[in-house]
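Open the model in your viewer and keep the selection tool ready. Each stop below says what to select and what is there.

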Amino acid sequence: MINRRVLKFGGSSVADLEKIRRIADYIKSRVAQKEQLVVVVSAMGKTTDDLLKKANQITEHPNEKDLALLLTTGEQQTISYLSITLNDLQVKSHPLTGYQAGIETVGHHLNSKISKVNTEFIDELFETNEVLILAGFQGFNSQGEMTTLGRGGSDTTAVALAASLGCPCEIYTDVAGVYSTDPRIFSEASLLPYVSYEEMMEMSALGAGVLTSRSMEIAYNYNIPVYLGKTLSTEKGTWIMAQKEMLEKKAVTGVALDKDMVHVTLNYPEYDTELMNRLFLHLEENEINVDMISQIINNEGLQLSFTVTNTEEHKIKELCAVLKEKYPNLYFESEQGFVKVSVIGAGMRDMTGVASKVFRTLIEADIPFYQVTTSEISISYAIDEENGEKAVTTLCKTFNL
């Protein structure tokens, strides 16, 4: 039986040639254990940021197709250096771009989604190679153009490959695993040995920047175990797996803080279904993800509030300017200075009193909140930015996290 694994190393793990050499030594030790490895890598260190800065020196609005092609060159450097190093160590290695690996995508050039992975070519390459080094973050569309998968795209590449190949995925980065909250905020945060797919998806979507929610959705849909650990460390990390495989369910697993938030308010003198339809159609077409939506309709008309990430604020302003041309009485306001604090735990489904305890904790700590949303396993609050870390610390102490 083939012992196959997908390993992923982030940008900080391959930031320079010395680090790449250490990664190569580690891969060689895994090959010696008769493992067949697909290694997904990110661009070295801050390479992607540097490429973006150079493009912005030319124009503030580069063509997306051209920019996607430029950004894919970062990962291509890494796969080349790592494969050169492995072959020098007498490990038969083959580098692959997203195009060569057959990673087909759909959607916008800079935020595409994987539609298919051609694993037949990967299987063929393993007949003459011990390791395949694959560029994360990239693929190609139906026109043969290079595309990128957006923020955290290399995680998505790795988990999608593992799902297509039917094997576990190990993601290595500069953190030891998944913590109950950010240790930089709450130093006593616990390292979690196991987290369910649902909890990890919620934590990722609600501000915990360890893994992307897209990668966790793929893992959940295909039941692919994912391990998150610190690069080249013997410290035990975190396994993300199905809830049914975990022996213990806690009421609350973690607390997430999302600082990248803008609060948007729209007012209109009446409830107009055409206006609402146009608004959400524009949001969909521009792939703007809105969160914490609330709507009030009364004698004063319509008030709609929602949150978006701060990187989407300029898109929202452009969208509302277009709507205002047809609806001149539309009032629009976007405000920064807010954060989202979320309490997450699969045990909320079965245990009572969690919501009450969270509300009382914030009230007793004199932390006002302005908007609340819930799911089966999470409760999120929009609060003032200056109270964000205080809320996280207070909630972690309340639930012994």
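**Stop 1: a serine in a helix**

Select serine 215, which sits in helix H7. Helices (H or I, at least four residues) and strands (E, at least two) are DSSP runs, numbered from the N terminus. This is a predicted model, in which local features need pLDDT of at least 70 and side-chain atom pairs count only at pLDDT 80 or more, while totals for chains, interfaces and linings use all residues. Residues are numbered from 1 along each chain as its sequence is written, and side-chain values use heavy atoms, with hydrogens and water left out.

Is serine 215 buried or exposed? Serine 215 counts as buried, at 0% relative accessibility. Buried means under 20% relative accessible area, exposed means over 50%, and partly exposed is in between (1.4 Å probe, protein chains only).

Now show what serine 215 touches: Asp155, Thr156 and Val159, not counting residues up to four places away in sequence. Contact here means heavy atoms within 4.5 Å.

**Stop 2: H5 against H7**

Select helix H5 (residues 153–165) together with helix H7 (residues 213–222). They pack at an angle of about 10 degrees, and their axes are 8 Å apart. That makes H5 roughly parallel to H7. Angles under 35 degrees count as roughly parallel, over 145 as roughly antiparallel, 65 to 115 as roughly perpendicular and the rest as oblique. Axes are lines fitted to C-alpha atoms, for helices over the stretch in contact, and angles run from 0 to 180 degrees between N-to-C directions.

Which residues make the contact? From H5, pick Asp155, Thr156, Val159, Ala160 and Ala163. From H7, pick Arg214, Ser215, Ile218, Ala219 and Tyr222. Color them by class: the contact of H5 with H7 has 6 nonpolar, 2 polar and 2 charged residues. Ala, Val, Leu, Ile, Met, Phe, Trp, Tyr, Cys and Pro count as nonpolar; Asp, Glu, Lys and Arg count as charged; the others, Gly among them, count as polar.

**Stop 3**

Go to valine 41, in strand E2. Valine 41 is buried, with a relative accessible area of 0%. Leaving aside neighbours within four places in sequence, its contacts include Phe9, Glu75, Thr78, Ile133 and Ser154. Draw a C-alpha to C-alpha distance from valine 41 to threonine 78: they are 37 residues apart in sequence and 6.8 Å apart in space.

Step to serine 42, in the loop between strand E2 (36–41) and helix H2 (47–58). Serine 42 also counts as buried, at 12% relative accessibility. Not counting residues up to four places away in sequence, serine 42 touches Lys8, Phe9, Gly10, Gly11, Val14, Glu75, Thr78 and Ser154.

**Stop 4: leucine 67**

Select leucine 67 in helix H3 (residues 64–88). Leucine 67 is buried, with a relative accessible area of 9%. Beyond neighbours within four places in sequence, leucine 67 is in contact with Leu52, Ala55, Pro62 and Leu110.

**Stop 5: two positive phi values**

Most residues other than glycine have a negative phi. Select phenylalanine 137, with a positive phi near 80 degrees. Phenylalanine 137 is in the loop between strand E6 (131–135) and strand E7 (138–140). Phenylalanine 137 is buried, with a relative accessible area of 10%.

Then select leucine 232, with a positive phi near 55 degrees. Leucine 232 is in the loop between strand E13 (226–230) and strand E14 (238–241). At 42% relative accessibility, leucine 232 counts as partly exposed.

**Stop 6: the cavity**

How many cavities of 30 Å³ or more does a search of the whole structure find? The search finds 1. On a 1 Å grid over the protein atoms alone, a cavity is a set of points where a 1.4 Å probe fits but cannot get out; lining residues have an atom within 4 Å of a point. The largest cavity holds about 50 Å³ of space.

Show its lining: Leu266, Asn267, Tyr268, Leu275, Met276, Leu279, Leu302, Leu304, Leu323 and Leu330. Strand E16 (261–268), helix H8 (273–285) and strand E18 (301–309) each supply at least two lining residues. By class, the lining has 9 nonpolar, 1 polar and no charged residues.

**Stop 7: alanine 365**

Finish at alanine 365, in the loop between helix H10 (354–364) and strand E21 (369–375). At 15% relative accessibility, alanine 365 counts as buried. Alanine 365 touches Lys390 and Thr394, not counting residues up to four places away in sequence.

Technical notes. On a 1 Å grid over the protein atoms alone, a cavity is a set of points where a 1.4 Å probe fits but cannot get out, and a pocket is an open set with protein on both sides within 12 Å along at least five of seven lines; lining residues have an atom within 4 Å of a point. Grid points are joined across faces, edges and corners, and a volume is the space filled by probe spheres set on the points.
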